[in-house]
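Visitor: I would like to learn how to read aromatic pairs in a structure. Please take me through one case.

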Amino acid sequence: MWEKYGSYINRSLSILVAIYGVVEKDGDLILRSLAFYLVIIPCIWVPGKVNSLMAGRVYRGYIIDNKSPDILIQIFGWIILLAFSFSYYYTNFLKWLLAS
């Protein structure tokens, strides 16, 4: 039961954070941020499918045959999503901190 409802909560929270991030960006950055969110949201929603895209690929002469845990991909997606969505406030905070 938790997996079903946890999935819905996870997806709705990620959409809300993405909408907040798009609204807070400047007008010229809206399309760029939408494109970024279209890449990151699948990491949160369907980490298993994203993980299977990399299996069997060749990287620097080596074949990637081990899959990462799905929760690791989901956590990575959340970290990137939160960092990008709230980057405007981090930038202003750092400017304020360095100015004082």
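Visitor: Is Tyr-37 buried or exposed?

Guide: This is a predicted model, in which local features need pLDDT of at least 70, side-chain atom pairs count only at pLDDT 80 or more, and totals for chains, interfaces and linings use all residues. Residues are numbered from 1 along each chain as its sequence is written, and side-chain values use heavy atoms, with hydrogens and water left out. Buried means under 20% relative accessible area, exposed over 50%, and partly exposed in between (1.4 Å probe, protein chains only). Tyr-37 is buried, at 4%.

Visitor: How many aromatic pairs does a search of the whole structure find?

Guide: A pair of aromatic rings is described by the distance of the centres and the angle of the planes. Rings of Phe, Tyr and Trp (its six-membered ring) pair if their centres lie within 6.5 Å; planes under 30 degrees apart count as stacked, over 60 as edge-to-face and the rest as tilted. The search finds 3 pairs. One of them, Phe-36 with Phe-84, is tilted, with 4.2 Å centre to centre and 40 degrees between the planes.

Visitor: Which parts does the pair of Phe-36 and Phe-84 tie together?

Guide: Phe-36 lies in helix H2 (residues 30-45) and Phe-84 in helix H4 (residues 70-85), so the pair links parts 48 residues apart in sequence. Helices (H or I, at least four residues) are DSSP runs, numbered from the N terminus.

Visitor: Which pair do Tyr-37 and Phe-84 form?

Guide: An edge-to-face one, at 5.5 Å centre to centre and 75 degrees between the planes.

How values were computed:
Helices (H or I, at least four residues) and strands (E, at least two) are DSSP runs, numbered from the N terminus.
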